[in-house]
Amino acid sequence: MHWIPHVNVGFRGLERIEDQTTMLTLETSRLVLRPWQDRDRAPFAVINTDEQVRRYYYPSVLTAMETDEMIDEINEQLAREPFGFLAIERKSDGALIGGGGLSRPGPEVPGNFPLEIGWILGRDYWRQGYATEVSHRWLEFAWRNLEAECVIGYTSSINVPSRCAMEKIGMRRVEDGDFDDTTVPVGNALRPHVLYRIDNPMR
Ligand SMILES: CC(C)(COP(=O)(O)OP(=O)(O)OC[C@H]1O[C@@H](n2cnc3c(N)ncnc32)[C@H](O)[C@@H]1OP(=O)(O)O)[C@@H](O)C(=O)NCCC(=O)NCCS
């Protein structure tokens, strides 16, 4: 998945972002999904410097500055759109466990779909059902609030955890949907991608 909205936006200071307390917040039994705050920068930078977490991303690990830029761009997008890639905070201890949500697919993704779902969780938080929990909430939001026709997901073919996570939430691989992520160099194992999709059951 891609964390940067594919629209060029300028940097705006955190002050403005902090003012936007009315921006989207969602809740699940164990988690709060909310806009990114200044206190998330350090823990998210730690997550993004973990080679295991970033194993299926190109480029791989991010610097703290790159994580800051990511957070700024995500919050910019949240200010403009009624959905986004939210910070995920665990209710029991307030830990930032990662980020997850809806974004606009990049131009390299076939089909011109409007919404993709994705997650980046810290390694300590894997295999505890958090991606599933987050996804169910986001899909409910996509169906009820956005009245979306469908949500897609995509990842490099070799990203088994992500593919299994998509299947677990009811997404199905799109036949003939495989594509090369043109942002990844030719010959790199992360270039071949698979496409998954789930349709709005209410439509
Ligand atoms: C992919 C990722 C988000 C999954 O998050 P998670 O919270 O561990 O997923 P869940 O606990 O909800 O598990 C959902 C299902 O995914 C599958 N799954 C998750 N991790 C897996 C792994 N390492 N190997 C195989 N299957 C895995 C399982 O089918 C699991 O269901 P089960 O526990 O009933 O067997 C997490 O591994 C992650 O953040 N990875 C690094 C970032 C990344 O690659 N993001 C996706 C980019 S497209």
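Mentor: Gladly! Keep in mind that this is a predicted model.

Trainee: Which residues of the shell come nearest to the ligand?

Mentor: Of the 22 residues around the ligand, the nearest are L121, A131, T132, P161 and C164. The elements giving two or more residues to this shell are β5 (116–121), α4 (130–144) and α5 (160–168). The biggest contribution is from α5, with six residues.

Trainee: Now the whole chain. How many helices and strands does the protein have?

Mentor: There are five helices and nine strands. Starting at the N terminus, their order is α-β-β-α-α-β-β-β-α-β-α-β-β-β. Of the 203 residues in the protein, 33% are buried.

Trainee: What span is expected for helix α3, and what span does the model give?

Mentor: Helix α3 covers residues 64–80, which is 17 residues.

Trainee: Which residues of α3 are buried?

Mentor: They are T67, M70, I71, I74, N75, Q77 and L78.

Trainee: Why do we say that the buried residues of α3 line one face of the helix?

Mentor: Look down the axis of α3: the buried residues fall within an arc of 155°, so they line one face. On the face turned away from that buried side you find the exposed residues M65 and R80.

Trainee: Let me try a single residue. Why is R191 called partly exposed?

Mentor: Count the other C-beta atoms within 10 Å of its own: R191 has 17. Buried needs 20 or more and exposed needs 12 or fewer. The count of 17 lies in between, so R191 is partly exposed.

Trainee: Where does R191 lie, and which residues does R191 touch?

Mentor: R191 lies in the loop between β8 (179–180) and β9 (192–199). Leaving out residues up to four places away in sequence, R191 touches D180, D181, V184, P185 and V186. R191 and Y56 are 135 residues apart in sequence, yet their C-alpha atoms are 9.9 Å apart in space.

Trainee: What share of the contacts in the protein joins residues at least 24 apart?

Mentor: Among contacts between residues at least 6 apart in sequence, that share is 66%.

Key:
Residues numbered from 1 in each chain as written. Predicted model: local features only at pLDDT ≥ 70, side-chain atom pairs only at ≥ 80, totals over all residues. Near = placed C-beta within 6 Å. Helix = DSSP H or I, 4+ residues; strand = E, 2+ residues; numbered from the N terminus. Expected span 1.5 Å × (residues − 1). Arc of directions from axis to C-beta. Contact = placed C-beta atoms within 7 Å.
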